[in-house]
Amino acid sequence: MHFPAVRLRRLRQTAALRALVRETELSVSHLVQPYFVRAGRNIRKPIGSMPGQFQLSVDQLIRAATEAARCGVPAVILFGIPERKDAQASGAFAPNGIVPTAVRALKKALPELLVITDVCLCEYTSHGHCGLVRQGKVLNDPTLAVLAKAAVAHADAGADIIAPSDMMDGRVAAIRTALDRAGHRDTPIMSYAAKFSSAFYGPFREAAESPPQFGDRKTYQMDFANANEALREVALDIAEGADIVMVKPGLSYLDLIWRVKEKFGYPVAVYNVSGEYAMLKAAAGNGWLDEKSAVFEMLTSFRRAGADIILTYWASEVARWLKSSP
Ligand code: PBG
C-alpha cells in the first residue's frame, strides 16, 4: 500500500484527530523540579544564568514547593549550598546540614511530595571536586564512605529517593549497603549512571557554587564520545542495586536514553540540565523562539526516546501550563 491509497496527512487534519493518534504524552506525573537550598531566612536569590531559578532558604523552598505541588508536580530534587566548605566535605553528611534540614521541613509541610536528594561532594568541598582529593588526584575508594554517610543522613531525615551524582566507581553498592544497615531497605536509589563531563553544566555550577577550583571532572565523569561505556556504567549501577538509572545531560544524549531503555528495561530518568535551560531561556528572552512550544517539544522528545522521569527546571512551569491549557 502506498500513495494515493496511503495519505498520512489524513490523520493530521484536526487537533482532535492528531490527539487521537498521538503516541507520546507529556504529563506532570513524570516531572521532577530541582531546587537549590541554602541557609538563612527569606532568601530568594536569583541565579543569573538561569532566569526564573533561585537559591532558596528553607522557608522560601517550602513556599515554592507548595505551589509546585498544588499544580501537580509529584517530586523535587534538592541541591544544598552549605555555609562552609572544607576538604572533607563535612557539610555533605552533617545530620543537621542544609539538605537534611530542608528534607525534614518539606516532609512535614508536604508529606505527599516525593523528596529526592542529590548525593555528591562538589557543593561541600573547598576544592569543588565530587570526591576527596589528595595530591591533586580525586580519590575513589575513600570517597565512597563519605557518600554513604551523606546518603544515610538524607534518608534519616526522610528523603524518599537517594540520587548519587558523583560518578565514583562502586558508589551505588556502598550506598545500598549503608542504607540497608541503617534500616532504609525500602529507600530507592536513582543513580546518575551515565553522567557525561559536559559543558552544559556551566550554569548549575554558578547556582550551586560548585565549580572545581583546579582541573576538571574528566577523570570521573564520562567522555561524551562514548556510548558503549555508558551502557557498561548503567549495567554496573544496576548490578550494584540502582532502582532507577539516569542519563545526563538530555538533549545531546537521546540515543543513550533509547539504548538504555531498550537494553535494560529499567526505569530511566533524564536530566534536562542547566545549560539546556539557559540556552532556551536566552533564545526565548530575545524573542527568537517560543518558550512554551520549545519546552513541550523538548520534553516530549525525552519521553519519546524512552525516558520515564524528566528532571527539569521547567517542571513547575509546565505543570502550570498543563493545568491552564492541557
Ligand atoms: C553534582 C551535580 C551537577 C549537576 C547535577 N549534580 C554538576 C556537575 O556535575 O558539575 C548538574 C545539573 C545541571 O547542570 O543542571 N555533581
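How many disulfides does a search of the whole structure find? The search, run on a predicted model, finds zero. Cys-120 illustrates the point. Its nearest cysteine sulfur belongs to Cys-130 and is 3.5 Å away. Cys-120 is buried, because its relative accessible area of 3% is under 20%.

Cys-122 is likewise in no disulfide. For Cys-122, the nearest cysteine sulfur is that of Cys-120, at 3.9 Å. Cys-122 has 5% relative accessibility and also counts as buried.

The ligand site was examined next. The shell around the ligand holds 18 residues. Lys-195, Arg-205, Lys-248, Ser-274 and Tyr-313 come nearest. By class, 10 residues of the shell are nonpolar, three are polar and five are charged.

For Tyr-313, the distance from a polar side-chain atom to an oxygen atom of the ligand is 2.6 Å. A polar side-chain atom of Lys-195 lies 2.7 Å from a ligand oxygen atom. Arg-217 also contributes a polar side-chain atom, 2.9 Å from an oxygen atom of the ligand. The ligand on its own has 400 Å² of accessible area, and the protein covers 100% of that area. The space that the ligand takes is the largest cavity.

Terms used. Residues numbered from 1 in each chain as written. Predicted model: local features only at pLDDT ≥ 70, side-chain atom pairs only at ≥ 80, totals over all residues. Heavy atoms only, no water. Near = heavy atom within 4 Å. Polar contact = N/O pair within 3.5 Å; in protein donor to acceptor, adjacent residues only side chain to side chain. Areas by Shrake-Rupley, 256 points an atom, 1.4 Å probe, with all protein chains shown as cover. 1 Å grid on protein atoms, 1.4 Å probe; cavity = no way out; pocket = protein on both sides within 12 Å on 5 of 7 lines; lining within 4 Å. Sits in = over half its atoms within 2 Å of the grid points. Nonpolar A, V, L, I, M, F, W, Y, C, P; charged D, E, K, R; others polar. Disulfide = S-S within 2.5 Å. Buried < 20%, exposed > 50% of the residue type's maximum accessible area, 1.4 Å probe, protein only.
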